[in-house]
Amino acid sequence: MPPKNKAAKNNIQDDSVSQQQVCYEGELLVRMLKSIQRGIESARVLAGNSLPEKVWLKQQFAIGVNEVTRVLERMALITDEGFSTAQSPCVRLQAILLAGDCNPKWLTKHLPMLAKSRKVPLIIVRDDKKGSLRLGELVKLKTAVAIGVKARGGDINQVMEGILDGDELNQGAVLQLQ
């Protein structure tokens with residue numbers, strides 16, 4: 001049996017997955033997280049204070065690797081032709097925020113392929129071993145390795161749409177001028 005070339009195999013997998021992955025770090029990461037935080041705050045104000053904050057956050061986000069995986073698995077597979085393989089689920093994810101500092105890596109190894117099969121964009125947060133701390137701040141926890149943004153049509157989804165379209169960079173420049 002010929003020896004396996006692990007590097008070649010990893011490159012093939014990385015190329016197929018990288019089409020839907022975006023990596024944020026540095027100043028771009030700070031801007032993205034601030035815009036998401038503003039979206040969360042404005043959506044919370046519009047929703048009123050009828051629910052406790054933790055319950056409200058759970059309605060807006062799938063928090064943690066297990067919950068993100070569970071929601072993704074319940075979502076229908078989308079084929080290359082755009083056809084769905086099942087009925088539409090109760091909850092759909094608009095995007096996934098994934099900390100780049102997860103250790104051990106195998107905890108999140110399945111998420112890129114699962115997200116790709118459901119056509120959900122994956123945003124990787126890298127910040128010198130602090131990505132999970134940054135994500136945790138968004139949802140009022142100490143750390144969060146993965147956060148799925150539920151597609152509910154609110155302010156948070158509008159902010160995420162801007163980030164996915166790349167408009168959030170322009171928005172940050174406009175905010176600094178004002």
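Contact here means heavy atoms within 4.5 Å. The model is predicted: local features need pLDDT of at least 70, side-chain atom pairs count only at pLDDT 80 or more, and totals for chains, interfaces and linings use all residues. Residues are numbered from 1 along each chain as its sequence is written, and side-chain values use heavy atoms, with hydrogens and water left out.

Figure 1. Helices (H or I, at least four residues) and strands (E, at least two) are DSSP runs, numbered from the N terminus. Apart from neighbours within four places in sequence, Cys-102 is in contact with Leu-107, Thr-108 and Val-145. Cys-102 has a relative accessible area of 7% and is therefore buried (buried is under 20% relative accessible area, exposed over 50%, partly exposed in between, with a 1.4 Å probe and protein chains only). Lys-129 lies 27 residues from Cys-102 in sequence, and their C-alpha atoms are 8.4 Å apart.

**Figure 2. Asp-127 in the loop between β4 (122-125) and α6 (131-138).** Asp-127 is buried, its relative accessible area being 17%. The side chains of Asp-127 and Arg-134 are joined by a polar contact of 3.0 Å (a pair of N or O atoms within 3.5 Å; within protein, one must be able to donate a hydrogen and the other to accept it, and residues adjacent in sequence count only if both atoms are side-chain atoms). With neighbours within four places in sequence left aside, Asp-127 is in contact with Leu-29 and Arg-134.

**Figure 3. Packing of helix α2 (residues 26-47) against helix α7 (residues 155-165).** The axes are 8 Å apart and the packing angle is about 160°, so α2 is roughly antiparallel to α7 (angles over 145 degrees count as roughly antiparallel). Axes are lines fitted to C-alpha atoms, for helices over the stretch in contact, and angles run from 0 to 180 degrees between N-to-C directions. On the α2 side the contact is made by Met-32, Ser-35, Ile-36, Gly-39, Ile-40, Ser-42, Ala-43 and Leu-46; on the α7 side, by Asp-155, Ile-156, Val-159, Met-160 and Ile-163. Nine of these residues are nonpolar, three polar and one charged (Ala, Val, Leu, Ile, Met, Phe, Trp, Tyr, Cys and Pro count as nonpolar, Asp, Glu, Lys and Arg as charged, and the others, Gly among them, as polar).

**Figure 4. The chain as a whole, with eight helices and five strands.** Along the sequence, the pattern is α-β-α-α-β-α-β-α-β-α-β-α-α. The chain has 178 residues, of which 38% count as buried.

How values were computed. Parallel < 35°, antiparallel > 145°, perpendicular 65-115°, else oblique.
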